[in-house]
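Please open the structure in a viewer and keep the selection tool at hand.

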Amino acid sequence: MNSRIALFALTTALTLPGLALARPVTLATRMAAYGGDGAYLAIYLTDAQGAYVRSLWLAGPRSKYHRHLSGWYRATGGDASQINGITGASVGAGKTLEVTVDLADALIDAGYVLHMDAAVEDMRESPDEVTVPLTSAGAGKAVRGRRYVADFSYHF
Amino acid sequence: MIRALHRWPGLLAMLLVSALALSGAALSVFPAAERMSAPAAAPGLSVAALAARVQAAHPAVEQIRRAPSGRFTAYWFEGGTPGAAIIDPATGADLGAAGPNRAERWLTELHRSLFLGDGGRIATAAAAGAMLVLALTGAALVARRAGGWRRWFSPQRGPLAARLHVELGRLAILGLAFSSLTALWMTASTFGYLPDEAATPPQPPATSGLTGAALSRMPLLAATPASALRDLTFPAQGDAADLYTLTTATGTGLVDQGTGATLGWADNSGWQAVTETIYSLHTGRGAAVIGLVLGLAALSVPAMVVTGTVLWLAGRRGRPRLRGNAPAGKADIVILVGSEGGSTWGFAATLGSALGRFGPAVHVAPMAGFDPGRFPRAAGYIILAATYGEGAAPQSARGFLDRLAALAAAPRAPVAVLGFGDRSFPGYCAFAEDVARLAEARGWPAFLPFDRVDRQSPQDFARWGRALGAVMGIDLQLNHQPVPPAGIGLALLSRRDYGDKVGAPTTILRFALPPVTLWQRLAGRGFARFQAGDLLGILPEGSPVPRFYSLASGRRDGFIEIVVRKHEGGLCSGQLAALRPGQTVHAFLRRNPGFRAGRGSAPLILIGAGTGIGPLAGLLRANRRGRPVHLFFGLRHPDSDFLYGEELDGWRRDGRLDRLITAASRGERPHYVQDALRREAALVAGLVRGGARVMVCGGREMAAGVSAALGEILAPAGLSPALLKAEGRYAEDIY
């Protein structure tokens, strides 16, 4: 039985090109039945060169475990200011997470990549559980995660 | 105070604590099972060698982990699907699928948060706190009960529930305190109240950008033994900028995948090390044996909850119910009760309700735990005190004199002391007199002179009540009919008669054991538990006042036996002397903890005359372990009143009795038991010097004679009956 966790976040203004034109993007994640405790997830954006741009969502309340989201942690050093106001509960096996963020138009179809790291207690860490280019064509297309995520998609 | 601190957390948190203890005990099994099934790494095996073996089997390996149990798990990603397996460190081969155990995960979630998230974690932490308070106060109570910390493991007596509670408690207390303390630490760590964040090595400025260094050429991995490994994460495939990350018991390091060079290392902080140790000890992960020990200790918790609740209920039932007892803080008049068997409580209840009819708020409380600060509004105190033995405080007044002596100042509200006792005893109202004397010495004003009530006399009590009423200006009528203790019908099984010819008609009466309820058995009440030397209260027809007889049998014997001498005109002894098998008497049990043989193996010197042989015979019958016993028995004539003559022969043969020395007061060579003692002075003195315990049972004159004779015998050794009494080696049961 899937309970639906609908979360909305309005991110604060960012010093990014084309700030003036932004649109809400919904990120939908459905977890697989991986048979473990609630997963910690970090969703963030890198540029074409793989350099960290910004965080979009972090599911998992305790900062002491954030280092297990190893890709995100390596990029940010666990900086709490990166996830200020965009955190929520961890996501259990078989559950869904849906969040809406504002993304500048300039980020779309410009080589930027969405990443999701996942970690589960007593199970393997999964950096880059999902990596998917942020493109108009890719919107609405579900991609499989590596271990814990059944499918992930984004919608404009 | 300590008892209240023990009782309330126990009662409030018992269900929660039981659930945590049971789930904890169940969880303790998993690490031990895992430990036994996990193949161990060879002593010389390095992380580099292990990683190479795993990589040979699974080229796309991403991570190798070692659980504290020693189990290695490898994770890989091949052909678009993730895989994981437990691996044999000797070969790198798969041993079976990895994954958390379902039952273990369910139990863990129950144990740490009751499936309620953070709210549940806080509740379980509160339960752990309650458990810690219970362990600490319980330890203090055990020590108090045993008579000091050094006697922690001294043998226990008392009702089954009390014994179980203490026995289990003192075995488990350390484990329970440890589990609850570590639980609190882990909760604090989870909520981020401790500075025990994991160390992370600083990011290196740049990697070589190369890939493909052999694992064996990585100094950090080659130098780290596999047994110290926590986690080795391989660089992501196709990412030349990524690194090997090695986590060990002591810290975390980064290794370049192209050159094999160590690019950074961070030691764990002391806090983190402590947290990891605590985690390991609490969960048993990495300390399976300790985990099992803690699990066993936790198993005692449900039993302690049950026995503790039984004790609490038994304690509540034991005290008479007082109707309309005002709260301590609002009491105008405070009645303090010192009672051994409970009858004085009855007088207090009568007095309390009679006074209450005139308006004042009356609070009745035990003398023990006396604290005037609890009675801010008290305008007067009334102390009703019985006496235990020859002047000791009765049960509900233990420690009263010390507390009164220790007060900074006596209460300002005046006091009246009334003693309850039996005029035929030498220490008639001796304890109440001590109370009155100390009250005067401490400057506690009296509003009524000290008075006494003899043998629960309603007349004495009513007379004192009129005097009390006169002082208070009220017409106080105290009409107290002592409520006889609830007796039970005992059916006579058999009787043996002696001594008719020598003018001392004496009968050994044996009664059937009455049925015992489960509650009595658990709470150790009624006839569920008794031993020779305890007292049987018999309620004769025509008198509400019970007569007490020393028991000549214990529960294990399966019958109730007393020895009764018929007195001229004696109401109770007359009825007993006329009792035929099948007929019943009403009786109840009263414990007599002062007259016990004690456990040890020190020799016993038993001295008794006439019916005083009864409890001594009971002790002999119970002496199945063959403790050395010397019996001095005073009688009139061996042909007539040699009570237990046949049994004594048998007990001597089977080793329950070493020596029997009789003293006959009639016949060829009349002498008394004290004369026999003097004749055996060397034997007696030698036994006492060697640690023997003396028990005397019989009439007052005989006891005085025995005490004098022993005084003479022991004087050369620098000992006396008084000294032995102080050491708890001289017990008397005198009537």
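This is a predicted model: local features need pLDDT of at least 70, side-chain atom pairs count only at pLDDT 80 or more; totals for chains, interfaces and linings use all residues.

**Stop 1: chain B as a whole**

Select chain B, which contains 21 helices and 24 strands. It has 735 residues, and 50% of them count as buried. Its accessible surface comes to about 33800 Å², with 58% of that belonging to carbon and sulfur atoms. Among the contacts in chain B with a separation of 6 or more, 70% are between residues 24 or more positions apart.

**Stop 2**

Next, select B:Leu22, B:Leu296 and B:Leu299, which make a nonpolar surface patch of about 300 Å². B:Leu22 belongs to helix α1 of chain B, residues 2-27.

**Stop 3: the largest nonpolar core**

In soluble globular proteins, nonpolar side chains tend to be buried together. Now select A:Leu27, A:Leu41, A:Leu114 and A:Phe152, the residues with the most contacts inside the largest nonpolar core, which has 41 residues. The elements of chain A that give two or more residues to this core are β2 (22-31), β3 (40-46), β4 (52-59), β6 (96-104), β7 (113-119), β8 (126-133) and β9 (149-155). Which of these gives the most? It is β3(A), with 6 residues.

Centre the view on A:Phe152. Beyond its neighbours within four places in sequence, A:Phe152 is in contact with several residues, including A:Leu27, A:Ile43, A:Leu114, A:Met116, A:Val130 and A:Val143.

A second, separate core can then be selected: it has 28 residues, including B:Ala552, B:Leu619, B:Val629 and B:Phe633.

**Stop 4: an open sheet in chain A**

Return to chain A and display its strands. Five of them, in the order β5-β4-β3-β7-β8, form an open sheet of 5 strands with mixed pairing. At the edges stand β5 (87-88) and β8 of chain A; each has a single partner strand, so one side of each is left without a neighbour in the sheet.

Finally, select β3(A) and β7(A), which run antiparallel and are joined by 7 bridges. Strands of a sheet pair through backbone hydrogen bonds, either parallel or antiparallel. Within this pair, A:Leu41 stands opposite A:Ala118 in β7(A). A:Leu41 was also selected at the previous stop, as one of the residues with the most contacts inside the largest nonpolar core.

Note on methods
Residues are numbered from 1 along each chain as its sequence is written. Chains are lettered from A and ligands numbered from 1 in the order in which they are written. Side-chain values use heavy atoms; hydrogens and water are left out. Helices (H or I, at least four residues) and strands (E, at least two) are DSSP runs, numbered from the N terminus. Buried means under 20% relative accessible area, exposed over 50%, partly exposed in between (1.4 Å probe, protein chains only). Contact means heavy atoms within 4.5 Å. Accessible areas come from the Shrake-Rupley method with a 1.4 Å probe; for residues, only the protein chains shown count as cover. Patches are made of residues with over 30% relative accessible area and no salt bridge: like charges are joined within 9 Å, nonpolar side chains (Val, Leu, Ile, Met, Phe, Trp, Tyr) within 5 Å. A salt bridge is a side-chain nitrogen of Lys or Arg within 4 Å of a carboxyl oxygen of Asp or Glu. A nonpolar core is a set of buried Ala, Val, Leu, Ile, Met, Phe, Trp, Tyr and Cys residues joined through side-chain atoms within 4.5 Å. Two strands pair if DSSP finds at least two bridges between them.
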